[in-house]
Amino acid sequence: MAHEVVMPQLGLSMDSGQIIQWLKKDGDAIRPGDLLLEVESDKSVVEVEAVEHGSLKIVKGPQDGPVPVGSVIAYLVAEGEAAPASLP
């Protein structure tokens, strides 16, 4: 089953964040602890790390503008598995 990577809430008042850059590429093998991307909130830029393993399937990028907290930004899929057919 694919694991969702969602826009994290970096502060109590944060309702959206801006993806600055992906530190991994689409299709890269990911392990827990790998740095995935940089996210900007209204106060800082934070590196977000993976908590699961799998192959990275990116859904949102810097060009998509502010992303609401909790929105799916990528999936980590197991070997031999596909990302969900209906990507958000």
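Biologist: Hi! By class, what residues are in the lining of the largest pocket?
Modeller: Hello! In this predicted model, that lining has eight nonpolar residues, three charged ones and one polar one.

Biologist: Which residues are they, then?
Modeller: The largest pocket is lined by His3, Glu4, Val5, Val6, Pro8, Leu36, Val48, Glu49, Ala50, Val51, Glu52 and Leu76. Strand S1 (3–6) and S5 are the elements that give two or more residues to this lining.

Biologist: And where does the largest share of the lining come from?
Modeller: From S1, which gives four residues.

Biologist: How much space lies in there?
Modeller: About 160 Å³ in the largest pocket.

Biologist: You mentioned S5. Which strand is joined to S5 by five bridges?
Modeller: That is S4 (residues 35–40), and S5 itself covers residues 45–49. The two run antiparallel and form a hairpin, with four residues between them. Along this pair, glutamate 38 stands opposite glutamate 47 in S5.

Biologist: Nice. Let's turn to the sheet: what is the order of its four strands?
Modeller: The order is S5-S4-S2-S7, in an open sheet with antiparallel pairing. S5 and strand S7 (67–68) are the edge strands, each pairing on one side only.

Biologist: How many bridges join S2 to S7?
Modeller: Two bridges, with S2 (residues 16–22) and S7 running antiparallel. Serine 16 stands opposite proline 68 in S7.

Biologist: Last one: what do strands of a sheet pair through?
Modeller: Backbone hydrogen bonds, in either a parallel or an antiparallel way.

Note on methods:
Residues numbered from 1 in each chain as written. Predicted model: local features only at pLDDT ≥ 70, side-chain atom pairs only at ≥ 80, totals over all residues. Heavy atoms only, no water. Pairing = 2+ DSSP bridges. 1 Å grid on protein atoms, 1.4 Å probe; cavity = no way out; pocket = protein on both sides within 12 Å on 5 of 7 lines; lining within 4 Å. Points joined across faces, edges and corners; volume = space filled by probe spheres on them. Nonpolar A, V, L, I, M, F, W, Y, C, P; charged D, E, K, R; others polar.
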